[in-house]
Every structure is written in C-alpha cells, then in structure tokens.
Amino acid sequence: MVPMGTPGELWVRGYSVMKQYWNDDERTRQFISSDKWAKTGDLFVLHDDGYGRIIGRTKDVIIRIADKIVPSEIEEFFEAHPDILEAQVFGVPDPKVGEEVCVYLQPKKEVKLTEEDIVNYCKDKIADFLIPRYIRFVSDFEKTAVLGKVQKKKLLERLQSEISSTNNS
C-alpha cells in the first residue's frame, strides 16, 4: 500500500479477474500474486474521496538517478501550454543517470517554438530534473491504425538514430 494521493501500481482482485494464463505458469506468477491479487501494470492514484485515476503504466516510468518520473504528468504539463496540441514523453537510456527525459511536441499550426522557448516555459514551474534533456518538434504524430496511439518506441528509435549520427560526425 502507498499513501493516498501517491502513485502506485494498481492491483485488483475479484470474481471477474482471470485465474491464470493458459498453460503458462511463469506468466501467471508474474501477473497474479500468491494471495490472488492481479498486478495490472497501471500506475494509479487513489484519492481521499475514494475515487482514483490511472496516470500511466509502470513500464513507462522514467528512472533518472533516484527519481521516478511519470511521463503522463509531464505530458499534461506541456499540453497546458497555449501553443502545444500534443506532447509525448519517454525515457532515453543514459549511462550516467539511467534515463534522460525526452519530449516530442506538436505545436499548433502556424506556431514556431524553439527548444529555448520550452526550457523557459519549464523554469520555475516544474522541478529541474523534469525538464527534458531532449526536446523535439513534429508537425503530426504517426499513430497506430487500430487504437490511434503514438508509438513512443518509434520516436525513441528515431531519436537514438539522430544521437548516434551526431556522435559519429
């Protein structure tokens, strides 16, 4: 258990929760605890009023030194900017700090933003360790056909390719 208002992994139990994976004991042990709680992998915040909300996935959490950073919280911060339509935040492996924060931003049409504009927007509004090291802009996000989700893995691959070509120059 974590204190109310604190993010933690959502575990559920009840008659409608599956009992096991078919013929896969290892995955069953990973997903269902010994006391029959199903570990959803969702990051969840439960409030004092008994209501809560899912804020992301545990596998998406960025670990930078000792800090755990929830991408959806930073995305909400950037999407509150009057000139930004959409933000996608993810971690980039870094040998010194574990992971660095990266943000891809889709500005509104006819708006020109710079990395400096974004860093200045962050100053005094969010903690320094939350300010993305990598800031990139896109005119549109490529989304999956079925669920309409942004494929952050492809964005990470694009960034790593860019970093690699810059380091080799």
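**Arg-64 in a predicted model**

Modeller: Setting aside neighbours within four places in sequence, Arg-64 is in contact with Ile-69, Val-97, Glu-99, Glu-100 and Phe-129. The model is a predicted one.

Colleague: What makes these residues contacts of Arg-64?

Modeller: Contact requires heavy atoms within 4.5 Å. Ile-69, Val-97, Glu-99, Glu-100 and Phe-129 are in contact with Arg-64 on that criterion.

Colleague: Why is Arg-64 called buried?

Modeller: Its relative accessibility is 18%, and buried means under 20%. Arg-64 therefore counts as buried. In the protein, 34% of the 169 residues count as buried.

Colleague: What makes the pairing of the Arg-64 and Glu-100 side chains a polar contact?

Modeller: The side chains of Arg-64 and Glu-100 are joined at 3.1 Å. A polar contact is a pair of N or O atoms within 3.5 Å, where one must be able to donate a hydrogen and the other to accept it.

Colleague: Where in the secondary structure does Arg-64 lie?

Modeller: Arg-64 belongs to strand β4, which covers residues 62-64. The protein has 8 strands, together with 4 helices, and their order along the sequence is β-α-β-β-β-β-α-β-β-α-β-α.

Colleague: How do you know what share of the contacts joins residues 24 or more positions apart?

Modeller: Among contacts in the protein with a separation of 6 or more, residues 24 or more positions apart account for 52%.

Methods: Residues are numbered from 1 along each chain as its sequence is written. This is a predicted model: local features need pLDDT of at least 70, side-chain atom pairs count only at pLDDT 80 or more; totals for chains, interfaces and linings use all residues. Side-chain values use heavy atoms; hydrogens and water are left out. Helices (H or I, at least four residues) and strands (E, at least two) are DSSP runs, numbered from the N terminus. Buried means under 20% relative accessible area, exposed over 50%, partly exposed in between (1.4 Å probe, protein chains only).
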